[in-house]
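Hi everyone, thanks for making time this morning. I'd like to walk you through one model, chain by chain and then contact by contact, so please have a look at the screen.

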Amino acid sequence: MTMTDVAFYLLSGFAIWTGWRVFRVDSMIRATFLLLLSFTSVGLIGLLLSASYLGAATIFMMAVEMMVMGLFMVMFMMNPAGLNPMMMVHQHRLSIVAGLLIFAAMTGAVLLTPLPSDPVAADRPVLRDLGIELLGDSMLIFETAGVTLLATMLGAVVLSSRRGRFGPTDAGSVPPGLSAGGPPAGRQPKGGGSHGGHGGHGGHGGQGGKGAHDGHGGGGSHGGHGKNGGDGNHGGHGG
Amino acid sequence: MENTIQILLLTALSLGAVMALQRLGGLSDAPGVTAPQAAPFIGGAAPGTHAWQRFHVRYYTMTLLFVAFEMEMMFMYPWAVVFVEEGIKALVEMGMFLAILTIGIIYGWREGIFAWE
Amino acid sequence: MSLIVGLPALLALLLIGLWAAAALDTAIGRLIVGRPVGMAATDPLRAVVADYLRQRTDTEAPDHLNWLLAPGYYFLLAVVGLALVPFAPDQSLIALDTSVVLWGAAEAVVVVAVFLHGWSPNAPFPLIGAYRYVAIGLPVMLLSMFVLIAASIPAQSLDLRAVVESQRGLWNVIRQPLGLPLFLAVVMSLTLRGPFDYADSADLAGGTSAEDGGPRWIAWQTARAAMLVAACAIAATAFLGGYLGPVLPGWLWLSLKTLAVMVAVVLLTHLVPRMPVAQMLTLIWIVLLPIAFLDLLIAGLGAL
Amino acid sequence: MGMSWARAFAASGPPPVFAAIGAGGLQRAEELHGTLRLQRSPRQAAILLVLGEIAPDLLPFLQRLHDHLPHPRATIWHRATPPGDWTDPVQATADGLERTLTDLWRSILSGDRASEPDFLPDKPPNEWRGVGPHGQGGKGMMGGTPYGRPMAMTDDDLRDGLSLDAYSAPFGPFLPMLPPGLILDLTLQGDVIQSATATRPPCPQPGSDDRPGDAIARLMRVMDMPALALRRTRDGLPPAMGIAMLRRAIPDGLGRARDGTDVRDRLDRWRDKDAPQADDGTRLSDLLPGLEWHEAMIVLNSFQPDRIRAICARSGPEGGDEDDKDGNRDAPAHAPPDHGGHQHHDMTGPAA
């Protein structure tokens, strides 16, 4: 085994271990930055295998994205720091089966596909090739990516910014009912309905003064939490 | 290859040194940290709750704009390498690209996303 | 460069740089107050030893591991940055053809390290400092990317070694005059200083380091000074021609230029106030970012 | 007992000091900034310098602050009388302060003087060890008192309407960036202030009002220009260039009091050495809610000691309700934090 092999196995092992730890820790911040460590290891493997731009760019992008993800995770999750232990996974049996199936499928694809053997010369200027490609045949794709990213920006601003040139964007909005035609869900807007558009909050009910912090989301479901539908599979299972 | 192994080595050395600095330092005969010592410093008063909370980030819209913008910046690295070769064509192409994205920034600014929500 | 020669050289440069950073900060501070400089060269050392001999404190229920690791990450990023800097033609500790990108990645991880440092103590001031820093640390990174990409254009490479060689005729600081000033802002943000110190500021009783005492305090301040050395060395490399210069050996030129950038940064730290964070955010996106565009345009037109 | 060379070397430097300022100590603190190594947080200090008389109601806070300092630590009383039950207090005379400080620093480093023990009992705010299913004092997701404290709970927000956690805590009375003696009950969401009441006004600082140079210096220190804050030109003010930079960094219209002046106007009055302004009935609820932390600290440091004392005195928990009649609709009608926030409506709440 050469040093490169040793480094490869070390980094791969670390990437897998940190990836697994993401689902075993209680703190959202720990989970977020364990994922970053996992991605960083993958980026370093990229560097190791002479993909120097891809490797460095992976670390770069993932650091930024995990940072932003961490902000949102803490914002919208109950018990974000994991002060009370909790399970980060749900539906164990289904997920174990699904995980094994996907693992088998992907491993099978890797092992059974006849991969082409087309080694690139070590001194090939890959970065230059990429640049030529971006300015040549792929120029349209490149500019389309610009427009797509513009759409992303506009969409993000429209969806998440409350304040706008024409007043609060949620003025007069009412959350949908829990049943068809039912009364609006969630906390009732106070004072003229200037903020209504945040739903749920069902999981933790009342907040009755400093001493009475019990009874929050003890069971498995904290179905409400309307702001973060996508994160709904974390949390729960407090006791 | 070699550079990755060097980075790994530097990682081990740096993390090891700084962690050792923190763990080995300090009074050997100091008493353990007591409860009043461990309370967070807010000027002499005592807080009621933990500081960790669903922290209300005031600039979240900006972070979304930032992520999109940053994604785009990744195209600029290979572009910089071939700029001299491609000349005016590269300049125009990147000018177009940046112009498109600048629209996003100006729009966000007009919507007030750089202020504290 | 082989590790056996390079590592001790790096270590020596870093230690001298750390000491110079601390002494400069003290000396320039005293000069501005109008007091004698006195023992500015050894006073920081005394403070370090004193803190090293004091009790390690903790807060209630902190994130112990991340609190311990955060200064380590910060220091590591500084070391990696310094290892990317060429000392002489074709001589840098880490020989990488995309060192500009890797430095960008290190800048991105700095935001993570500072955030973790503020998050971990589970105390209000560090927490506010951490979150506020992310707001500024992220967009400032765009400035860094723009000016470093501009510096790479004449080199036709993302390798800092090539960037230095491309300045044989004319330094980038003259060719692209907007690059260095913008990068100084980046340096101040990376090292939590003066007008860009949104993490460890006075209005938060020290922000992310408000709960750091004894050895923790030294570890964080050391990492901060190391980052100052590394970021200034990168600035000297990308804009001031790095090791290029007549008569004196290359590494000495590099050190002198790094020192010059450090003096500029420390002066700015002391002389410029910090504006509220929302104003700074607008300033970065609406004023500094277009200036960075302009820098890129100047670099592009110059290279045509 | 001799000291090891490391201790002797450390003892030859200036001691790290945290200043707890009481009544009449502010002006002296301003002078000491130039000569002592004043730290921002007690975690980085070895010596607690009590500067000015500490009112009896502030004594428990002083004790809690004292316990934050890492060992070895000591306390010095300067222009202050230690309470009778303070064991072996060290007092420093007006001109002997530096001498006393260095001697004390030397003796606690060498071990000749034992480090001061805690005042407060080693007891967590709530008993948590072994409580609850995991033994960390918590219940369910958010309940209980994990590691001794409850978690913050959600509340409405006055800016963007996202009901995230509200952090309520009393800040002060010995924070270096707040007027000394002020205990400020803040409810924060993120770093934005939702509501502010002063449960205790700042200590009186006689003679500080006619020192505009000191006032500008305090503002400079909050905005991280500590060196320029110490420099004085012949007219007793920090350099004009520094003041101009400071002014530019302060947003226009920030911290408008009822008499219509904002922070910049007040800075201009100091610069021009105008007479201190008369009190105009401003309350903290006019100034702070809706401000981000840094802005709030700038605003609080833009008043002369007497004026901020008057503002805080009428912003107590009892007198905070009458601002609404001034048409100040943006001010939140929040209950003070001790009421535990407002009542949440959960899904079974009233429909209309």
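Let's begin with chain C: of its 304 residues, 72% are buried, where buried asks for 20 or more other C-beta atoms within 10 Å of a residue's own, exposed is 12 or fewer, partly exposed is in between, and C-beta atoms are placed from the backbone. Before I go on, please keep in mind that this is a predicted model, in which local features need pLDDT of at least 70 and side-chain atom pairs count only at pLDDT 80 or more, while totals for chains, interfaces and linings use all residues. Residues are numbered from 1 along each chain as its sequence is written, and chains are lettered from A and ligands numbered from 1 in the order in which they are written.

What is chain C built from? It has 11 helices and 0 strands; helices here are DSSP runs of H or I with at least four residues, strands are runs of E with at least two, and both are numbered from the N terminus. Along the principal axes, the C-alpha atoms of chain C fill a box of roughly 60 × 45 × 40 Å. The radius of gyration of chain C is 19 Å, which agrees with the value near 19 Å for a compact globule of 304 residues. That radius is taken over C-alpha atoms, and the globule rule is 2.2 Å times the number of residues to the power 0.38.

Among the contacts in chain C with a separation of 6 or more, 79% join residues 24 or more positions apart. Two residues are in contact if their C-beta atoms, placed from the backbone, lie within 7 Å.

Now for one helix pair. In chain C, the axes of α8 (residues 179-190) and α9 come within 10 Å and cross at roughly 165°. That makes α8(C) roughly antiparallel to α9(C), a label for angles over 145 degrees. Which residues of α8(C) and α9(C) meet? From α8(C) come G179(C), L180(C), F183(C), V187(C) and L190(C), and they face M227(C), A231(C), C232(C), A235(C) and F239(C) in α9(C). By class, this contact has 9 nonpolar residues, 1 polar and no charged. Nonpolar covers Ala, Val, Leu, Ile, Met, Phe, Trp, Tyr, Cys and Pro, charged covers Asp, Glu, Lys and Arg, and the others, Gly among them, are polar.

On to chain B, which has 4 helices and 0 strands. Its radius of gyration is 25 Å, whereas a compact globule of 117 residues would be near 13 Å. The C-alpha trace of chain B spans about 70 × 50 × 20 Å along its principal axes, and 55% of the 117 residues are buried.

So how do the chains meet? Between chains C and B, 57 residues of chain C are in contact with 50 residues of chain B. On the chain C side, α3 (64-84), α5 (124-152), α9 (215-239) and α11 (277-303) each supply at least two residues. With 10 residues, α5(C) gives the most to that side, which divides into 40 nonpolar, 11 polar and 6 charged residues.

Finally, chain A: 17 of its residues are in contact with 19 residues of chain C. Here α2 (28-48) and α3 (52-76) of chain A each supply at least two residues, and α3(A) gives the most, with 10. The side of chain A that touches chain C has 14 nonpolar, 2 polar and 1 charged residues.

How values were computed
Axes are lines fitted to C-alpha atoms, for helices over the stretch in contact, and angles run from 0 to 180 degrees between N-to-C directions. Angles under 35 degrees count as roughly parallel, over 145 as roughly antiparallel, 65 to 115 as roughly perpendicular and the rest as oblique.
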